[in-house]
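The structure comes first, and the text follows.

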Amino acid sequence: MLGKQISCAMESGSTQFFFLIDKLRIQLLNSIESATEKDYFQEEISPFDSGVGLQMSSGHSVTTVKSNCLASVTKFAQILKILSVIYRLVQSNSYATKRDVYYNNTQLFGSQRSVDTIVDDISCMLKVSRRALHVMATSKGLIAGDLCYLEEDGTRIDCRSSSAAVSVSSNVSGIRNIVSSAKFVMIVEKDATFQRLLNDNFCRKLSPCIMITGKGVPDVNSRLMVKKLWDTLQIPIFALVDADPHGFEIMCIYKYGSVAMSFEAHSLTVPSVMWLGLLPSDLQRLMVPKHSLLPLTRRDENKLNSLLKRPYFASQPQWQKEMELMQQSKVKAEIQSLADIAPDFLSSIYLPNKLRYGGWL
Amino acid sequence: MSKQGRRHGSGSTGGLLILLWDEEAGAQRLNCTVAAAGSWCSGVEIKALQLDLKGRMFPHVSPSLEPDPEDLIPFTELHGSLRLLLSFQMKDARHWPSDWQSDVEAVLQAFSLANAGIQIHLKLKFAQKTSVRDFRAKIKAKVSRADQPPLLLDVSCPEQKRWFLSKPHGWAKRASWCQGGHPVDGGRLPLGIPPQAMDGGLLGDLSVRLVTLLHPCVLQYPNMPTELKSIKVLVYNPCNIPVSGPSGFFQTLPSSMDCQHLGLRGLQCPAHKDPEFRVGTVFTTEQWENEKKCDDEEQESSHLPVQQSLLLFLLLQHRNPFCSHLSDFVAADMLIEHHLEEILCNNKPAVMAAIRTEIGNAMKAQNQRKKQQEKLNSAAEVILSSTMSIVSCSSNVDFRNACFDLMKVADTHALSSHLGESLRRVMSWRFLPVGRCYSTQMEENLLHHGSTKSEI
């Protein structure tokens, strides 16, 4: 009932509904224009830049792999094998997934993870993007909402279907002709939440918008897609993650990047991502039932302590406050806990209110 | 003498002079003088020893038999005043084997191995010819013993095993070779005394200590394949004097070894009498053929796998609280030597098991290296094929020429073989310094003072 009332209010006052989001967008555009050009190749590159995120420092992280050392000879052989595969791909202008590379010689590589790590290492060593190596990652992310685009091969993708999401492209850099009237993009941490919102017709209710999920820790393509949407549409990007250290970390990957991919930070990070929810302060404010709250485990506490030491918080005092609140309360909660207040609380009350009244950090 | 000396806590250094001389040219009988000096003799009642030895072994020798004093001067100058001087006449030399000199040298060499602190000088003066040979340990290692003074072993790599000195490789400098070996203590094995020996008067506690020594040492080359080529077993009486035989017991060793379990195809006991084989029992190993053999020429030039020999010391130890006089010790040692075959046969399962364990440990190290070599070879194939794939497929002339120039070849075929050889060389000859190895950086010290390390 309440959800229906809000839905009616949104329809009648959509301009008013998106007022704060539009205002945010203007602020973001202004900050982009006024930001001085930074020379990203300055001699002393700090490991953290609030305008970029985590980036690789020059002169560090050098690893030597020896061919005459028993512990590393297999890795040496794996690296050369993958280099020869990449060489052939580049020469023939064809592409292969990391999975294809693995199946090229499963006995040599042992696991998919070995291939993934080495491909990243080669990308970092040669200082080129992974796309330039002609090795693609199989995308795991999903996207839905007010968005249409063309793949590199000319395939037209329409994400406006209300019932099914579209897989994130495995060739994000080849996407062209992006058409969207979305007011914002919402990154959803988990697939379960994404599907729930899809089932609740969230993209229609809060249209026009785009929803994307990386199903947990995002793969490179999902991150590239978020980056692409920001670069092209320059609309606010919000993150909806669980109120726990893991969710927070996932949000930081989209916003600031990961250590593993720090050498490609400029093409992967979106420092303007806003934290929409679920905030630790929301748990108290909304009086989420106690039985829905979970105690922080030792691992959570260790991760929380580690997160609080990261350089992110120097430019995000409100985030720090939220994390300290979590630390003090010693509880965490998943987004699903909002369903204990009301079944459609998330899509009908929580998110609309957040978006309407600027409840983001 | 050394045993009694050790009981008094004396050192184990000094000299031993063996002088063989004929009184006049053309004489058929040779005289022998044995002289000793140094701390290894201290604490011994020399007069009692000399009388005992003379009475026991040489009762009919003329007391006026004395060597030329000039032959003793260099010895005393080096080691100090003589503590023992014993001269006796030997049997008619005409009945000796033609290579008796080699036999004498072999015994002294074996003695020197387990008594590395004693410098042995052999001087032969007969048929108007003089020859001198010194036995001196360049590198010594102490082997601690719980209930006895430590043993000092000569761990220098034998001349014939030091192939790397005659052909130093461009990529492995001489300075990076270990000049010695590292003895491994196999522990003490109690032995039961057989009834025949007991009836003969041998009482007390008898045991054998096994110590192994592998030559040449390749610890600093962790990727280098090795092959155990021979096993030499040396038996020493409780006075650390090498004893001959027991050949019967050791002849059964090959059949008692589970060679397959050890990773060997077989053990052979060769009949020929090379100098190396005069003392002790030597077994040559038969290895399993490798499925993939490198080109013979390449293997020969690279000296791989490195052929090693295992020296197995069987050091008999005897303790009898009723033995107090030197004559008691000498008598006990003679009994042990006399009944050695029976003693070892009486304890055959335990002795064989102990020897099998020691050989097994050496083979374990070899097999480990073999497995590592297989891993390296497997990776080398991938590295080579991947590299050649890139070079062969490249249409960039500059890149290809740069590759050919770097490897000093003219075409991809030569590049492949040259690259493969270089890669295998880099892999096999990887050098990792090991603190306990005797590198030639110590050579200057060795020349002057020798080197002693506590290994065990």
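In this predicted model, strand E12 (residues 237–240) of chain A runs parallel to E13(A), and the two pair over three bridges. Strands here are DSSP runs (E, at least two residues), as helices are (H or I, at least four), numbered from the N terminus; two strands pair if DSSP finds at least two bridges between them. Within this pair, A:Ala239 lies opposite A:Trp275 in E13(A).

Both strands belong to an open sheet of six strands in chain A, ordered E8-E5-E11-E10-E12-E13, with mixed pairing. At its edges stand strand E8 (166–167) and strand E13 (274–277) of chain A, each with a single partner strand, so one side of each has no neighbour in the sheet.

A second open sheet in chain A has three strands in the order E7-E6-E9, and its pairing is antiparallel. Its edges are strand E7 (156–158) and strand E9 (176–179) of chain A; each has a single partner strand, so one side of each is left without a neighbour in the sheet. From one strand to the next the twist averages 10° (axes are lines fitted to C-alpha atoms, for helices over the stretch in contact, and angles run from 0 to 180 degrees between N-to-C directions).

| Strand pair | Sense | Bridges | Residues opposite each other |
|---|---|---|---|
| E12 and E13 (chain A) | parallel | three | A:Ala239 and A:Trp275 |
| E6 (residues 148–150) and E9 (chain A) | antiparallel | two | A:Cys148 and A:Val179 |

The contact between the chains (heavy atoms within 4.5 Å) takes 16 residues from chain A and 18 residues from chain B. Chain A and chain B bury about 1,500 Å² between them, 66% of it on carbon and sulfur atoms; buried area is the accessible area (1.4 Å probe) that two parts lose on being put together, summed over both. In chain A, the residues that lose the most area to chain B are A:Asn68, A:Leu70 and A:Tyr87, together 38% of what that side buries.

Helix H4 (residues 73–92) of chain A gives the largest share of the side that touches chain B, eleven residues.

Across this interface the rule finds zero salt bridges (a side-chain nitrogen of Lys or Arg within 4 Å of a carboxyl oxygen of Asp or Glu).

Residues are numbered from 1 along each chain as its sequence is written, and chains are lettered from A and ligands numbered from 1 in the order in which they are written. In this predicted model, local features need pLDDT of at least 70, side-chain atom pairs count only at pLDDT 80 or more, and totals for chains, interfaces and linings use all residues, while side-chain values use heavy atoms, with hydrogens and water left out.
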